[in-house]
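The sequence and structure come first.

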Amino acid sequence: MKRDVVIIGGGIAGLCTAYYLQKSGRKVTIIDEADITNSTSFGNAGLLSAFDKSPLSCPGVVSNTLKLMLKGQSPAIIHPTLDFKIYKWLVNFIKNSNEKRTKKTMMLFEKYGEITLNLYEKMIKEDNLDFDYHRDGMLSVFTEDKSYKERLKKYNYTDDERFKIFKKDELKEYLPSADIKKIKGAILFKKNARFDSGRVMLELKKHLIDAGVEFILNEKIDSMRIENNEVKHIISSKSVFYEAEHFIMSTGYKTALAGKYCNKDLMMTPAKGYSITFEMPKEFIPKVSTIFNDLFIVMTPRRDNVRFTSKLEIGSDDPAIIEKQIDSIKKNFFEYNQTFEMNNEVYWSGFRPLTPNDIPLIGRDEDVNNLTYCMGLGWLGMTFGPALGSIVSDLVVNDKKNAQSDDILMFSGFYQ
Ligand SMILES: Cc1cc2nc3c(=O)[nH]c(=O)nc-3n(C[C@H](O)[C@H](O)[C@H](O)COP(=O)(O)OP(=O)(O)OC[C@H]3O[C@@H](n4cnc5c(N)ncnc54)[C@H](O)[C@@H]3O)c2cc1C
């Protein structure tokens, strides 16, 4: 049986692409090696933070991180590895950490962030989806005087519609857990939003099933057969051959299929992060999602609990939960916050599919006619998921070449 569109990988990239394909009348199948309950798209912070936030590859990031690494305080770790691709990625990352690139990336983030928020809001309204979504801003908290002053000097935070700079006594209302004496400053970025990412994934999955999308779970795609510039079929771990008119690859940080069978060297590296989800005493729950800038810790309030996320490890794809990392997140947090009991903690690790310039890898394969990528969503995949899904769906539905899509030319890492 030949299917219409088969999507390999059901993270936010795969589900959002399926959503728009299905809306355009295509018959969609999603194949995932797991059961779609624990991918990177589930355990992340759930910040929709495209506004007024620098990309990872921004000026100063390399020197600052190296300084912190030497002091043993860096949230980022680069594991020694023999994988040459990672060093190539790092060189590219350093090249992109400049003012010009940062300015362009921030403008792209803003453009596609606005599109995404509108699309999420449309999904919630039209399809009655419950994402625990709040467009109530993101609080950026500084624990180091130097970084706070540098930030205020660098950016102009005078626009009341976008920013609020907190006085110490005002902060308590937003961040009741804070040890106010130790906090050097805080800025509310009013345009950003947040949601519960796991809830988003489950709601989307349920909606897609109800709309007739086929899910084939716990079945890994092991190989692909390319013939006459077409994917003829893909083969799963259960030795099933799947044929389709079109294939979408959205396998997150995993690039083996694209590399081995499509000769596509995707410039991407897995960057491991952790989350701790727990019940917090009510009186300490923050009002909005909060980033502790100098600690690289995010705290997101959700309907039933609160989630910490932190750490960025490059050079390993081992998903093991390392106790030392969990302890270090807690230790760093409690150094600047009052102590309280964390109940029913759930630890998680996942991998950001990180590109060296924070721009996703989306678009059609230039040699394989019926193959399109929705990959490299990086550290902001939830922030851009619907925008990217709709761009990719538009290529397939309208049989467009990359050059015919302004969005691909602007926001695909294949062309920058
Ligand atoms: C700690 C942390 C915090 C983060 N916080 C935020 C945040 O606040 N805001 C934000 O916007 N983003 C955040 N991110 C980034 C975001 O989570 C990712 O960009 C996004 O989830 C990537 O989605 P994806 O669909 O590309 O990949 P994934 O979610 O990894 O999905 C890929 C899917 O493909 C499947 N798959 C892979 N290979 C195969 C195969 N061969 N066969 C079949 N199936 C396969 C996998 O099982 C998986 O389900 C965070 C990430 C981390 C790690």
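## Cavity, pocket and helix packing

The lining of the largest cavity comprises nine nonpolar, four polar and one charged residues; Ala, Val, Leu, Ile, Met, Phe, Trp, Tyr, Cys and Pro count as nonpolar, Asp, Glu, Lys and Arg as charged, and the others, Gly among them, as polar. The model is predicted: local features need pLDDT of at least 70 and side-chain atom pairs pLDDT 80 or more, while totals for chains, interfaces and linings use all residues. Residues are numbered from 1 along each chain as its sequence is written, and side-chain values use heavy atoms, with hydrogens and water left out.

The structure holds one cavity of 30 Å³ or more. Of its 14 lining residues, Asp358, Leu377, Gly378, Leu380 and Phe384 are closest to the centre. On a 1 Å grid over the protein atoms alone, a cavity is a set of points where a 1.4 Å probe fits but cannot get out, and a pocket is an open set with protein on both sides within 12 Å along at least five of seven lines; lining residues have an atom within 4 Å of a point. Grid points are joined across faces, edges and corners, and a volume is the space filled by probe spheres set on the points.

| Space | Volume | Helix giving the most to the lining |
|---|---|---|
| Largest cavity | about 80 Å³ | helix 11, three residues |
| Second largest pocket | about 330 Å³ | helix 5 (residues 99-126), six residues |

Helices are DSSP runs (H or I, at least four residues), numbered from the N terminus. The second largest pocket has 13 lining residues, and Asp52, Lys103, Met106, Glu110 and Tyr155 lie nearest its centre. Its lining divides into six nonpolar, two polar and five charged residues.

Helix 1 (residues 12-23) and helix 11 (residues 381-397) pack at about 45°, with axes 7 Å apart; axes are lines fitted to C-alpha atoms over the stretch in contact, and angles run from 0 to 180 degrees between N-to-C directions. Helix 1 is therefore oblique to helix 11, a class left after under 35 degrees (roughly parallel), over 145 (roughly antiparallel) and 65 to 115 (roughly perpendicular). The crossing is right-handed, the near helix being turned clockwise from the far one by less than a right angle. Contact (heavy atoms within 4.5 Å) involves residues including Ile12, Cys16 and Tyr20 of helix 1 and Gly385, Gly389 and Val396 of helix 11.

How values were computed: Helix = DSSP H or I, 4+ residues; strand = E, 2+ residues; numbered from the N terminus.
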